[in-house]
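User: I have a model open and want to learn how to read it feature by feature. Where should we begin?

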Amino acid sequence: MIKACIFDLDGTLTRTQESIARPINMTLKYYGLPEQPVEDYNYFAGDGIKNALERALKAAGDTEAAHLEEGLPMCRKWMNEDPLYHVEPYPHVIESLHALKDKGIKIAVFSNKPHESAVNVVETIFGKGLFDHVQGQTDRIPIKPDPAGVYEILKEFGVKKEECLYFGDTNTDMMTGHNAGLYTVGVTWGFRPRAELEEYKADCIIDSAADIPGLTDK
């Protein structure tokens with residue numbers, strides 16, 4: 001019996017490419033480097049802001065990412081100033097989340113976005129009371145695919161791993177779910193193509209958020 005669901009945020013619950021591209025492109029511009037196309041952030045993002053900035057720097061011509069350590073605090077500052085820049089939920093996400101809650105299922109977010117930004121996005125887009133737990137990147141919780149954040153959520157909810165589903169849109173998410181021993185669902189509406197989800201052994205792949213509640217009946 002499924003008692004909980006854990007969701008990635010960027011590319012799974014919310015369309016956030018522009019909100020990720022904005023602070024990183026501002027950092028590139030600060031160093032006189034060319035801004036990168038928003039669509040390229042589908043592949044820069046997914047493994048935390050530091051990795052995204054490093055990939056963007058290299059793509060912009062700083063092949064050694066020499067500006068990474070100096071530019072990271074500035075980039076984080078700009079991200080925290082406007083984490084909701086052009087952010088919106090994907091179709092059917094809100095209805096499906098409410099359907100899960102109506103079934104008595106606990107729901108959580110586990111994101112590689114900085115914790116403050118993750119909480120801000122979730123509470124603004126979905127309200128403060130919908131999610132039972134929101135976990136972003138902190139010094140205490142390693143970034144995904146490390147499963148430590150998943151384990152903490154399971155402990156807080158008091159559920160076993162076989163009672164929880166994990167949802168995400170990237171290879172990092174598939175590895176996170178599998179590393180934690182959860183049934184891992186890939187979603188095709190996010191940052192990465194179906195082929196990547198298949199390559200990283202998603203247990204199930206869905207094409208619409210409307211399909212989420214039905215998975216908890218299995």
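Analyst: Begin with burial. Buried means under 20% relative accessible area, and exposed means over 50%. Keep in mind that this is a predicted model.

User: Which residues of H4 are buried?

Analyst: In H4, the buried residues are Leu68, Gly71, Leu72, Met74, Cys75, Trp78 and Met79. They pack against four elements: helix H1 (17–30), helix H3 (49–59), strand S4 (106–114) and helix H6 (115–126).

User: How far apart are the end C-alpha atoms of H4, and what span should its 14 residues have?

Analyst: The expected span is 1.5 Å times one less than the number of residues. H4 covers residues 68–81, which is 14 residues, so it should span 20 Å. The end C-alpha atoms are 20 Å apart, in agreement with that value.

User: Now the sheet. In what order do the six strands run, and is the pairing parallel or antiparallel?

Analyst: The sheet is open, its pairing is parallel, and its order is S5-S4-S1-S6-S7-S8. Strand S5 (133–137) and strand S8 (204–206) are the edges. Each has a single partner strand, so one side of each has no neighbour in the sheet. From one strand to the next, the twist averages 20 degrees.

User: How many bridges join S6 to S7?

Analyst: Four bridges link strand S6 (residues 164–168) with strand S7 (residues 183–187), and the two run parallel. Tyr166 stands opposite Thr184 in S7. Phe167 has Val185 in S7 as its bridge partner.

User: Is S7 largely enclosed or largely open?

Analyst: Count its buried residues. Four of the five residues of S7 are buried, so the strand is largely enclosed by the rest of the structure.

User: Which nonpolar residues touch the most other members of the largest core?

Analyst: A nonpolar core is a set of buried nonpolar residues joined through side-chain atoms within 4.5 Å. The largest one has 53 residues, and Phe7, Phe131 and Phe167 touch the most other members. H4 supplies the largest share of this core, six residues. Domain 1 (4–15 + 87–215) and domain 2 (16–81) each give the core at least three residues.

User: What is Phe7 in contact with, leaving aside its neighbours within four places in sequence?

Analyst: Its contacts include Phe131 and Phe167. Among the others are Leu97, Leu100, Ile107, Val109, Phe110 and Ile212. There is also a second, separate core of 14 residues, which includes Ala108, Val159, Cys164 and Ala180.

User: How is the chain divided into domains?

Analyst: Domain 1 takes 4–15 + 87–215, and domain 2 takes 16–81. Their C-alpha centres lie 24 Å apart. Across the boundary, 19 residues of domain 1 are in contact with 16 residues of domain 2.

User: Loops next. Is Glu163 buried or exposed?

Analyst: Glu163 has a relative accessible area of 14%, so it is buried. This residue sits in the loop between H7 and S6. Beyond its neighbours within four places in sequence, Glu163 is in contact with Met1, Ile2, Lys3 and Ala4.

User: And is Gly48 buried or exposed?

Analyst: Gly48 has 11% relative accessibility, so it counts as buried. Its loop lies between helix H2 (41–44) and H3. Gly48 is in contact with Asn112 and Gln137, leaving aside its neighbours within four places in sequence.

User: Which backbone angles deserve a look?

Analyst: Check omega and phi. The peptide bond from Lys144 to Pro145 is cis, with omega near 20 degrees. Pro145 is in the loop between S5 and H7. For phi, look at positive values in residues other than glycine. Ala65 has a positive phi of about 50 degrees, and His92 has one of about 75 degrees.

User: Where do Ala65 and His92 lie?

Analyst: Ala65 is in the loop between H3 and H4. His92 is in the loop between strand S3 (88–89) and helix H5 (93–102). Ala65 is buried, with a relative accessible area of 9%. His92 is partly exposed, at 38%.

Methods. Residues numbered from 1 in each chain as written. Predicted model: local features only at pLDDT ≥ 70, side-chain atom pairs only at ≥ 80, totals over all residues. Heavy atoms only, no water. Buried < 20%, exposed > 50% of the residue type's maximum accessible area, 1.4 Å probe, protein only. Contact = heavy atoms within 4.5 Å. Pairing = 2+ DSSP bridges. Axes fitted to C-alpha atoms, helices over the stretch in contact; angles between N-to-C directions. Domains from an automatic or database assignment.
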